[in-house]
Amino acid sequence: MATEENGPLVPARLRELPSRLLGQASTHAQRLVSEGLIGADAHKWHYAALVALEESGPASQATLSARTGIHRSDLVAVINELAARELVERTPDPEDRRRNVITLTPPGRRQLRTLEQILAAAQEELLAPLSAQEREQLIRLLGRIVDHHAYEHPAMGSDGR
């Protein structure tokens, strides 16, 4: 990685520090994803909510929060945005009228396909220097790190709270 952030002027011990490299890679990844999604008037939490609803079906806001790692208070705003665009439908739960059930709509499925294309392009750009085998290995290794620390701190959501 011959960039200013990790170029020859940076001390070797910094260039080889895994936490620093992960942080820099994360920064690049977030920038690529955010820039791509902005073009579709979306953000990462929109994608997370839509994909969770498609994969697991309608859910209460509490269940959707658990599936996505989006804090409940933040999820309300995400659902409001998606509902205003008719990408999800919010209806009272027939079993508990105090609770809402969130359902993916056909326009929501179409938007999800668009967001998946954007994210695929961002992943391609991020991982461009790696071969297919290296990409698979990186994903496996990062998954192990994330899983290890998720079990170490189970109260922490994927959003870091």
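Analyst: Let's start with pairing: two strands count as a pair if DSSP finds at least two bridges between them. Keep in mind that this is a predicted model.

User: What makes strand 2 and strand 3 a pair?

Analyst: They share six bridges, in the antiparallel sense. The cut-off is at least two bridges, so strand 2 and strand 3 pair. They also form a hairpin, with two residues between them.

User: And how do you know that strand 1 and strand 3 pair?

Analyst: Strand 1 and strand 3 (residues 96-104) are joined by two bridges, again antiparallel. At least two are needed, so this pair qualifies as well. Here A59 stands opposite I102 in strand 3.

User: Why is one side of strand 1 and of strand 2 left without a neighbour in the sheet?

Analyst: The three strands make an open sheet in the order 1-3-2. Strand 1 (59-60) and strand 2 (88-93) are at its edges, and each has a single partner strand, so one side of each has no neighbour in the sheet. Helix 3 (residues 44-56) packs on this sheet and touches strand 1, strand 2 and strand 3.

User: Why is Q111 called buried?

Analyst: Its relative accessible area is 16%, and buried means under 20%, so Q111 is buried. Q111 belongs to helix 6 (residues 106-126). Apart from neighbours within four places in sequence, Q111 is in contact with A40, A42, L50 and L87.

Definitions and conventions
Residues are numbered from 1 along each chain as its sequence is written. This is a predicted model: local features need pLDDT of at least 70, side-chain atom pairs count only at pLDDT 80 or more; totals for chains, interfaces and linings use all residues. Side-chain values use heavy atoms; hydrogens and water are left out. Helices (H or I, at least four residues) and strands (E, at least two) are DSSP runs, numbered from the N terminus. Contact means heavy atoms within 4.5 Å. Axes are lines fitted to C-alpha atoms, for helices over the stretch in contact, and angles run from 0 to 180 degrees between N-to-C directions. Buried means under 20% relative accessible area, exposed over 50%, partly exposed in between (1.4 Å probe, protein chains only).
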